[in-house]
Amino acid sequence: AEDGYKLWMSYSKIEDPKTLNFYKPRLQAIVWEDKDLEVAVEEVKLAIPKLLGITPKKGGKNGLILKVNPHINITNPEGYKVSVSGQSITIEAPRSVGVLYGVFHLLRCIQTGQEPAGEFSPKIQHRMLNHWDNNNGTIERGYAGMSLWKWYELPERLDPRYKDYARANASLGINATVINNVNASARFLSSEYLVKVKALADVFRPYGIKVYLSVNFASPRILGKLPDADPLKPEVQKWWKEKADEIYSLIPDFGGFLVKANSEGEPGPMDYGRTHVDGANMLAKALKPHGGMVFWRAFVYAPDPKGDRFKAAYEEFKPYDGQFDDNVIIQVKNGPIDFMPREPISPLFTAMEKTPLAMEFQVTQEYLGWATHWVYLASMFEECLKTDTRVKNRKTTLSEILQGKTFGYRHTAITGVANTGSDRNWTGHPMGQANWYALGRLAWDPDLGAKEIAQEWISQTLSRDSKTGSDIQSMMLSTREIYVNYTSPFGLHHVMGEGHHFGPEPWVEKAPRPDWTALYYHKADEKGIGFDRTNTGSNALAQYPKEFSAPFSSLETCPEEFLLWFHHVPWDRKLKNGDIFWEAFVKKFYQGVKEVEGLQRDWEKVKGKVPQETFENVSARLKTQHKEAIWWRDACVLYFQTFSKKALPAGLKAPE
Ligand code: GCU
């Protein structure tokens, strides 16, 4: 059994008569000339017989016409135009990859019962996955098996899965992949590994996907045997320049470097008294002659028990605005702390006017239940992208900023830390596939909605029956808030297990660093709970435009889902619904558990209507999720009760 291997490309037979009537006559033939269109044609030949039960013949005047046309007038060179006339559908694009995207668009339209005509262009230039894969095959924060890349087999053997990986990404418009962990081994830059990287790049190229590497900043010392890696030293610069030349001689369209520097113990320019600017620009200069990019991460923070980690990225990067070379992008996490189930947006996005910023989402569910909890992340991504930042004191969504509209970015990028692995179904949890799908679709168009993306994904994977589809869609859309309810209500954050980040450990007071404890974040005491980030506390709110921060600044007006992010809330504080905070807080955990039970009941109803293997897989994982939701609830309620010293709200049974 294929057990989810084919992702949203299993192309199961269309039953809807209207769709069949529209497409069948127009897909009797495929017409193309350009040799570069082979992968697009291959996909059509694979999909159409399965979807429509017909085998398109080659050539003729009518049918599906695929054309590379460099003169076509289109917003973005990666875009495409689809037109329908008489008995044919024409897909035209300035580049062959655009035609490929057009083919995947067509296949999506067939499966969602839509007509395909129109002009389509990506709104973001760099649509990227970040794999946190190590050279020993493990994946940092990966929950779906081992790495997809079999280093010991490369470059000679190319696992067929590499091509399927490329197809899946291309079907979404993903055009960039960083294949190794940001905590990077220098080994990836060795000549031994570069030929392996080249072998992957060769597989991905026809699908429009560029390969990038995460680099270890100390590589000149580790690999090059230089005394250090000081970015201002000519011999260090020379080492990187020669390394870039070597890479490009193997991979002429190599994307560039992703760098985690001076963060969580990784080496960086500050080891030599230099700055992020010195480090990033030095690498940028090595890549520039080849057209390569540097993605330099803003995920930095110091182990200061009295400080506020929330403020670190802004404090370190804002002063450098305007000083980075033109092939540098600063990659900023969602959000200011670290991929929590609900974070406010990073203030950096509102403050760096002269530097292009990339969004880094996390698709792997490090803090969202690994691969056993069902969480459809598009709801969270959408919430973030649609946030009105109030930049320029007008409605300015984060999506607009990322598209470069607000500050006129030279480069635009959305990246996601991948949730893929060697599991047969790629993502462990079958529903995790929807998160990969959503990341790709949102990177193409960050204004899409979680709801429509879910609908698309369901019709291509689980069911095209409208009732079943809408039932699954409403389950998907409820999952993120359910997870928040039983793990992190009202903006509670960073109370997960220390180190492995699994399950609840709000009681952690000691860790290798104070800012890795839970206590640092929740600050529970007899009076209340939460991190005061107003002007009576760390004043992190001052990093936002004041029109944005104003409502968050007061306990009266702060949106309740963000209370503990910004306030130390008294246990007795009355909330809008009349409950005191302690009671409302406890009720959320109980509600979350009840909601998981609701999900279980609703999932039972689709039995027989979705592939049986998927049904059983999800049912079993829901059992685990339920067990762990109770664990979260009981751990948090009992622990925080030692501070509040209050009884549970009437009607709730105390955990044993
Ligand atoms: C988190 C995660 C680490 C990861 C880091 C990063 O802290 O737990 O495993 O290396 O983020 O994004 O660099």
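These questions and answers walk through parts of a predicted model.

Me: Which strands stand at the edges of the open sheet of 6 strands?
Reply: The open sheet has the order S2-S1-S3-S5-S4-S6, and its pairing is mixed. A strand at the edge has a single partner strand, so one side of that strand is left without a neighbour in the sheet.

Me: Which residue in S5 does Lys 67 stand opposite?
Reply: Strand S3 (residues 63-68) and strand S5 (residues 88-93) run parallel and are joined by 6 bridges. Strands of a sheet pair through backbone hydrogen bonds, either parallel or antiparallel. In S5, the residue opposite Lys 67 is Glu 92.

Me: Is strand S11 largely enclosed by the rest of the structure or left exposed, and how many of its residues are buried?
Reply: In a regular strand the side chains alternate between the two faces of the sheet. Met 293, Phe 295 and Arg 297 point one way from S11, while Val 294 and Trp 296 point the other way, and all are buried. Strand S11 (residues 293-297) is therefore largely enclosed by the rest of the structure, the number of its buried residues being 5 of the 5.

Me: Which helix makes a right-handed β-α-β unit with S11 and S12?
Reply: S11 pairs with strand S12 (residues 328-333) in the parallel sense over 4 bridges, and Phe 295 stands opposite Ile 329 in S12. The helix that makes the right-handed unit together with these two strands is H9 (residues 312-317).

Key: Residues numbered from 1 in each chain as written. Predicted model: local features only at pLDDT ≥ 70, side-chain atom pairs only at ≥ 80, totals over all residues. Pairing = 2+ DSSP bridges. Buried ≥ 20, exposed ≤ 12 C-beta atoms within 10 Å, placed from the backbone. Right-handed = clockwise from strand over helix to strand, strands pointing away.
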